[in-house]
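Subject: Structure handover

Hello,

Here is the structure for you to take over. My notes on it follow below.

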Amino acid sequence: MSALEYRADLYDVIHGRRRQDIAWYLELCRRANGRVLELGAGTGRTVLPIARAGIAIDALDVAEEMRAHLQGVLAAEAEQVRANVRVLAGDMTTFSLPDSYRLIQIPFRSFLHNIAADQQRACLDRCQAHLEPGGLLAFDVFLPSEAYMAAFEGEYEGLFRMDDPYPLTDDGFLLLSEWNAYDRAAQTVRAVHRYELLSKNGQIAESLYQILDLAFLYPQDLERLLTAAGFTDITFYSDFTEQPVGPETRDVAVTARRI
Ligand SMILES: C[S@@+](CC[C@H](N)C(=O)[O-])C[C@H]1O[C@@H](n2cnc3c(N)ncnc32)[C@H](O)[C@@H]1O
């Protein structure tokens, strides 16, 4: 993981809009009825609503900057919410914690940071080792459908394309542009994000690049990986609903049980 991957102070500006997964993870946490661990917890986008709902959750992340940001956010929360969260340093492929869990969750495609097959397997093995018997693993990936990839490649591959501006608290705004390149043989994608922070009168105050190398995985890859790692009851959800995964699906969510 490189220092270029995430900017903690801009993460929520961009991804705070992503709400579709939160109710799904929150419901799994409610049903877990026991300890919950989130891997790749980042700035706490998913951790906070869970802690605010009165559920205790351990939040593990490899990046110091993301953990520090989450600690800062927690400092402004009520004591009962703060008490529900333990922020832990660790890598999802090697972590070793004293507790075991009813639920381990890896929201917002963080599992895809495991770019190589041995990392994917190591992460699943660590989850097995930390789940109670009958405990649940839940995570999501994007569906790398031909339509999805085609939207970013061909004449668009390597071409920066801009999102709508994101407002910043100082009345300025953030312009985010990205380009993507898919390697179908290796099943990896390189996403390059360009950030420009503009003042309210349009001057560029700061610009930076972020480079994210991710794996991409199809449901059949997940099924094979989870089965090989000893999971059972593997269930897929299209866009965090009970619908089956199909060509229009964007987010493939999956749950799998430790025997
Ligand atoms: C897309 S963010 C997800 C953050 C949060 N779970 C959410 O849903 O918004 C991915 C997070 O995974 C973390 N990460 C990347 N590789 C990791 C690893 N090997 N072990 C633990 N965390 C990792 C990054 O630091 C980042 O905070």
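In which strand is Asp-58 found? The model is a predicted one, and in it Asp-58 belongs to strand 2, which covers residues 57-61. Asp-58 has a relative accessible area of 2%, so it is buried. Beyond its neighbours within four places in sequence, its contacts are Arg-35, Val-36, Leu-37, Glu-38, Arg-86, Leu-88, Asp-99 and Tyr-101. Two arginines are on that list, Arg-35 and Arg-86.

Overall fold

The chain has 8 helices and 12 strands. Its radius of gyration is 18 Å, which agrees with the value near 18 Å that a compact globule of 259 residues would have. Along the principal axes, the C-alpha atoms fill a box of roughly 55 × 50 × 30 Å. Of the 259 residues, 51% are buried.

As for charge, the chain carries 25 positive and 38 negative charges, and the mean positions of the two sets lie 5 Å apart.

Helix 2

Helix 2 runs over residues 22-32, and its buried residues are Ile-22, Trp-24, Tyr-25, Leu-26, Leu-28, Cys-29 and Ala-32. In general, residues three or four places apart on an α-helix point the same way, because there are 3.6 residues a turn. In this helix, Ile-22, Tyr-25, Cys-29 and Ala-32 are among the buried residues. The cover over the buried residues of helix 2 includes helix 3 (47-52) and several strands: strand 1 (36-39), strand 4 (101-106), strand 5 (131-142), strand 11 (231-238) and strand 12 (251-258). After helix 2 comes Asn-33, with a positive phi near 55°.

Other positive phi values

Phe-108 is not a glycine, yet its phi is positive, about 50°. Phe-108 sits in the loop between strand 4 and helix 6. With a relative accessible area of 18%, Phe-108 is buried; the cut-off for buried is under 20%. Asp-239 is another non-glycine residue with a positive phi of about 50°, and its place is the loop between strand 11 and strand 12. Asp-239 has 29% relative accessibility and therefore counts as partly exposed.

The loop between strand 4 and helix 6 also holds Ser-110. Ser-110 is buried, at a relative accessible area of 9%. Setting aside residues up to four places away in sequence, Ser-110 touches Leu-39, Gly-40 and Met-92.

Aromatic residues

How many aromatic pairs are there? The count is 12. One of them joins Tyr-6 and Tyr-11, an edge-to-face pair with 5.8 Å from centre to centre and 70° between the planes. Tyr-6 is partly exposed at 23% relative accessibility, whereas Tyr-11 is buried at 13%. Phe-142 and Tyr-148 also form a pair, in this case stacked, with 5.2 Å between the centres and 25° between the planes. Both of these residues are buried. Phe-142 and Tyr-148 also belong to one aromatic cluster together with Phe-152, Tyr-182, Phe-216 and Tyr-218.

Two distances

Ala-122 is in helix 6, residues 117-130, and is partly exposed, with a relative accessible area of 22%. Ala-122 and Thr-93 are 29 residues apart in sequence, and their C-alpha atoms are 5.1 Å apart in space.

Gly-72 is in helix 4, residues 64-75. At 44% relative accessibility, Gly-72 counts as partly exposed. Between Gly-72 and Thr-241 there is a separation of 169 residues in sequence, and the C-alpha to C-alpha distance is 33 Å.

Regards

Key
Residues are numbered from 1 along each chain as its sequence is written. This is a predicted model: local features need pLDDT of at least 70, side-chain atom pairs count only at pLDDT 80 or more; totals for chains, interfaces and linings use all residues. Side-chain values use heavy atoms; hydrogens and water are left out. Helices (H or I, at least four residues) and strands (E, at least two) are DSSP runs, numbered from the N terminus. The radius of gyration is taken over C-alpha atoms; the globule rule is 2.2 Å times the number of residues to the power 0.38. Buried means under 20% relative accessible area, exposed over 50%, partly exposed in between (1.4 Å probe, protein chains only). Lys and Arg count as positive and Asp and Glu as negative; His and the chain ends are not counted. The place of a charge is taken as NZ of Lys, CZ of Arg, CG of Asp or CD of Glu. Contact means heavy atoms within 4.5 Å. Rings of Phe, Tyr and Trp (its six-membered ring) pair if their centres lie within 6.5 Å; planes under 30 degrees apart count as stacked, over 60 as edge-to-face and the rest as tilted.
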